[in-house]
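Q: Please take a close look at one helix in this model and at what surrounds it. I want the cut-offs with the terms.

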Amino acid sequence: MKKCMIFFLSLAVFCQIIGSTAHAENSPSHIYEVKKGDTLKIIAKKYGSAEGDIKRYNGLQSDRLIAGQKLRVPIFHNVAPGDTLWGLADKYDSSIQIIRETNGLSSDALHAGQKIKIAPEKMAMDGKFVLMTREEFQEWIFNHKFKRKVAQVQQHHTYRPSYKQFNGKNHFAIMKGMEEYHVSGMKWKMISQQLTTFPDGTVAVGRPFDLAPEGSFGLKNKEIMHRIEADVIAIENIGDFDSDQMTAEQKETIVTVTALLMLKYGLTPSIDSITYHHWWDINTGERVLDNSRGHAVKTCPGTMFFGGNSTDSAKNNFYPLVRKKMQEIRADLH
């Protein structure tokens with residue numbers, strides 16, 4: 001876990017680096033703000049990196065950049081008397097191993113005047129899938145810019161895979177399995193959901209945020225389905241919460257991720273902004289809320305999801321936690 005995450009995040013939100021690499025020397029900020037006309041190639045050359053490395057530093061799913069977007073980039077440090085690898089790693093929110101590998105150092109010895117390149121830690125990625133801790137996701141979502149309007153966050157559980165299929169190491173295998181089912185079985189273009197939370201508290205980005213989810217309500221009427229999902233972010237929470245007892249780590253991640261989405265898109269927790277799959281007729285697309293009798297509805301996100309899948313459970317058990325987390329995040333940023 002990164003030691004100075006709150007400080008680093010504040011820099012990510014409020015600071016920018018301009019000019020050549022010389023302006024980044026001995027600065028504790030790894031953040032560059034994308035300007036009109038910037039490309040990955042231009043930025044990679046500017047900071048002496050490969051384009052693929054810039055993508056891995058930032059969890060980028062494509063080469064597209066948007067002006068105002070924040071990117072984590074390498075910085076350069078001119079070694080002063082008394083500098084140590086441990087001190088530099090602490091100062092620049094890096095690690096001794098990363099500094100050694102980036103600079104091809106065979107020992108910990110440094111000498112005054114030596115120029116050291118300090119690269120950000122690469123994110124865990126497999127293709128377009130990005131796996132993050134809660135802290136990393138907070139930084140990721142505030143650094144990114146998106147064009148699609150979002151007014152609603154969907155909460156789902158996966159039913160299958162449930163907790164029985166998760167072994168603590170197979171995050172990407174589960175993501176690929178879900179995508180294979182969505183593409184081959186459901187005939188969708190790619191994985192349906194933007195976000196997936198896991199029992200160990202990690203969260204993965206799947207479908208790009210600027211693409212509306214596909215088929216996440218499973219409606220027979222595709223026209224209605226696409227209309228409902230046009231301004232939605234879909235979250236699949238790994239687990240069958242009709243039977244699986246949610247872990248404390250996953251619970252904290254679901255609350256945190258939802259709070260961050262509310263802040264990112266300027267939303268307030270309510271039945272209109274945070275919706276449960278259970279509240280919709282899966283055939284007609286009608287929002288039935290708690291009046292499900294006579295309608296085709298699923299138990300998703302689960303009868304034990306934060307006390308249940310009714311609107312009262314959401315209002316009494318889930319939304320208050322999201323509002324509290326939003327207040328905590330705001331306080332940390334200031």
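Q: Which residues of helix 8 are buried, and what covers them?

A: This is a predicted model: local features need pLDDT of at least 70, side-chain atom pairs count only at pLDDT 80 or more, and totals for chains, interfaces and linings use all residues. Residues are numbered from 1 along each chain as its sequence is written, and side-chain values use heavy atoms, with hydrogens and water left out.

Helices (H or I, at least four residues) and strands (E, at least two) are DSSP runs, numbered from the N terminus. The buried residues of helix 8 are Met 225, Ile 228 and Glu 229. Buried means under 20% relative accessible area, exposed over 50%, partly exposed in between (1.4 Å probe, protein chains only). Down the helix axis, the buried residues of helix 8 fall within an arc of 90°, so they line one face. That arc is taken over the directions from the helix axis to the C-beta atoms. Glu 223 and Arg 227 are exposed, on the face turned away from the buried side. Strand 7 (152-157) and strand 10 are among what covers the buried residues. At the start of helix 8, a side-chain oxygen of Asn 221 comes to within 3.1 Å of the backbone nitrogen of Glu 223.

Contact means heavy atoms within 4.5 Å. Beyond its neighbours within four places in sequence, Phe 209 touches residues including Phe 137, Trp 140, Leu 195, Ile 233 and Leu 261.

Asp 240 is buried, at 7% relative accessible area. Leaving aside neighbours within four places in sequence, Asp 240 is in contact with His 157, Tyr 159, Arg 160 and Ser 162.

Last, the lining of the largest cavity. Helix 6 gives the most to this lining, with four residues. Helix 3 (51-58) and strand 2 (70-72) each give two or more.

Definitions and conventions:
A polar contact is a pair of N or O atoms within 3.5 Å; within protein, one must be able to donate a hydrogen and the other to accept it, and residues adjacent in sequence count only if both atoms are side-chain atoms.
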